[in-house]
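These are my notebook entries from a first pass through the structure shown below.

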Amino acid sequence: MDYLPVFMQLRDRAVVVVGGGKVALRKSELLVRAGAQLHVVAPAVIPELAELARASGGSVCLEPFHETHLATQSLVLVATGIEEVDLAVCAAARALRIPVNVADVPELCDFILPSILDRSPVIAAFSTGGRAPVLARRIRAQLETLMPEGVGRLAAYLGARRPRIRAAVPDAAMRLRLWERLVDGPVAERVLAGDEVAADALMAREFEADTSCGEVFLVGAGPGDPDLLTFRAFRLMQSADVVLFDRLVSDAVLDLVRRDAERIYVGKRRGEHTLPQPDINRLLVDLAREGKRVLRLKGGDPFIFGRGGEEIEQLAAEGIPFQVVPGISAANGCAAYAGIPLTHRDHAQSVRFIAGHLRDGTVDLDWAALLQPRETLVFYMGRVGLPQICERLVAHGADPATPIALVQQGTLPGQRVLVSTLRDMPGLLLNTDIRGPTLTIVGSVVSLHDQLSWFQSSSRTRDDGI
Ligand code: SAH
């Protein structure tokens, strides 16, 4: 993070603006909106700026800048457009430890003014660190559509009822859930529609709702790229009290979980289990019984090689409410980002997902059954057994020239695709540095990769590894 966003109280505080032109005016308007007293210093000042300064209870000083102008200020903004003056004001402000902002000179700024969406008391501020103002405007427009006009009124309404709610629901976790029901439900809708009397009546009913037992959300986090989360996954990630996550859940996805949620790593590596499955099942039940909203975040889809079924079996048996949110499985994510359609009229009419991990040192599969014409095979967990998988398929009659792709870190910034044939892949693996997780796709659809991956805007990298 390049900057720490903070919201500053400026009401009735003195702020100095050095510069008397249009840029100074633009920045000054923002300061005055936040209640600051504006003191403008410049040999010449445009009339609108002078008027703004006076209306704010501040002053206009028609002189060249001098250090004494900074005596009692809380912030300094500089917009003179003259390099020596910018530097002199900046040096003087820093000597007095007053934070300074110099328009269009990021190196001289102690703080920057972000783009703002003002629905006071709700204010969104965001910044691209000065790198891409057009992008900032685009984000602002998107945020505007997410923040209804009445959101400020809603914040004020809820704020006024905070002390009552705190007194009525002393338990913090239960109170959080009540707040969420208020914000997500009909109470908020009534306030947004301007009917606070009806909202109050509905709120009284919310107090009576039973919140003693928590809930478990079994959520598919997708293969890694956070853009592949579903809206529902994202919403539940915001409301969780505690999150149990696997090794396959990417950092970028975890970053989107509510900051205050407790994080428990229950990941597994090949052969070694941080927490055995029955203990995970137990933990889910126990946390929910404490009244928590438990987010069980799993890589890909929870019902594809995810043991999600076992986890909810226990929840169902013990009467714990739960919901399952599907995710994009590694096969779908890797195929799309690598430009390999899993089915295609000219190549494959069916696709088979296979767990390719070793059992007792060998890959134990019904090889003959796997060799169906016009079928794509996708092997999960097949990295160690990959040479064996290639050899067995050929031994059971597959064409040695059948194309095969090994997708590493699919959909993640480090995605690489290694393309070969069943005959050559084992040799290639000996000389290649492979980074997991990996997924293997076998079948003639792989031949489309060359043609389809290069122009695909969703593909993260074009580095094909060979
Ligand atoms: N439930 C998950 C699969 C869990 S099994 C899903 O639906 O995707 C774990 C295996 O998934 C890994 O061994 C690997 O084969 C595959 N995998 C998961 N994420 C992957 C990624 N980003 N790139 C390539 N393979 C991945």
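**Entry on leucine 52.** I looked up the neighbours of leucine 52 and found that it touches Leu25, Ser28, Glu29, Val32 and Leu38, leaving aside residues up to four places away in sequence; contact here means heavy atoms within 4.5 Å. I noted that this is a predicted model, in which local features need pLDDT of at least 70 and side-chain atom pairs count only at pLDDT 80 or more, while totals for chains, interfaces and linings use all residues. Residues are numbered from 1 along each chain as its sequence is written, and side-chain values use heavy atoms, with hydrogens and water left out.

Leucine 52 lies in helix H2, residues 47-55; helices (H or I, at least four residues) and strands (E, at least two) are DSSP runs numbered from the N terminus. Is leucine 52 buried or exposed? It counts as buried because its relative accessibility is 19%, where buried means under 20% relative accessible area, exposed over 50% and partly exposed in between, with a 1.4 Å probe and protein chains only.

**Entry on a sheet.** I then followed an open sheet of five strands, in the order S15-S16-S19-S17-S18 and with mixed pairing; two strands pair if DSSP finds at least two bridges between them. Its edge strands are S15 (350-355) and S18 (416-421), each of which pairs on one side only. Within the sheet, S17 (residues 403-408) and S19 (residues 438-442) pair in the antiparallel sense over five bridges, and alanine 405 stands opposite isoleucine 441 in S19. Helix H13 (residues 330-338) lies across S15, S16, S17, S18 and S19, and runs at about 75 degrees to S19; axes are lines fitted to C-alpha atoms, for helices over the stretch in contact, and angles run from 0 to 180 degrees between N-to-C directions.

**Entry on the whole protein.** I counted 17 helices and 19 strands in the protein, and 45% of its 466 residues count as buried. The radius of gyration is 30 Å, whereas a compact globule of 466 residues would have one near 23 Å; this radius is taken over C-alpha atoms, and the globule rule is 2.2 Å times the number of residues to the power 0.38. The protein is divided into domain 1 (14-146), domain 2 (151-207), domain 3 (215-328) and domain 4 (331-464), with bounds that come from an automatic or database domain assignment. The C-alpha centres of domain 2 and domain 4 lie 52 Å apart.

**Entry on the backbone.** Which residues does a cis peptide bond join, with omega of about 5 degrees? They are serine 120 and proline 121, and I found proline 121 in the loop between S6 and S7. Those two strands form a hairpin with two residues between them, and five bridges join S6 (residues 115-119) to S7 (residues 122-126) in an antiparallel run. The peptide bond from glycine 436 to proline 437 is also cis, with omega near -5 degrees, and proline 437 has its place in the loop between helix H16 (425-430) and S19.

Phenylalanine 305 is found in the loop between strand S13 (293-298) and helix H12 (308-317), and it counts as partly exposed because its relative accessibility is 40%.
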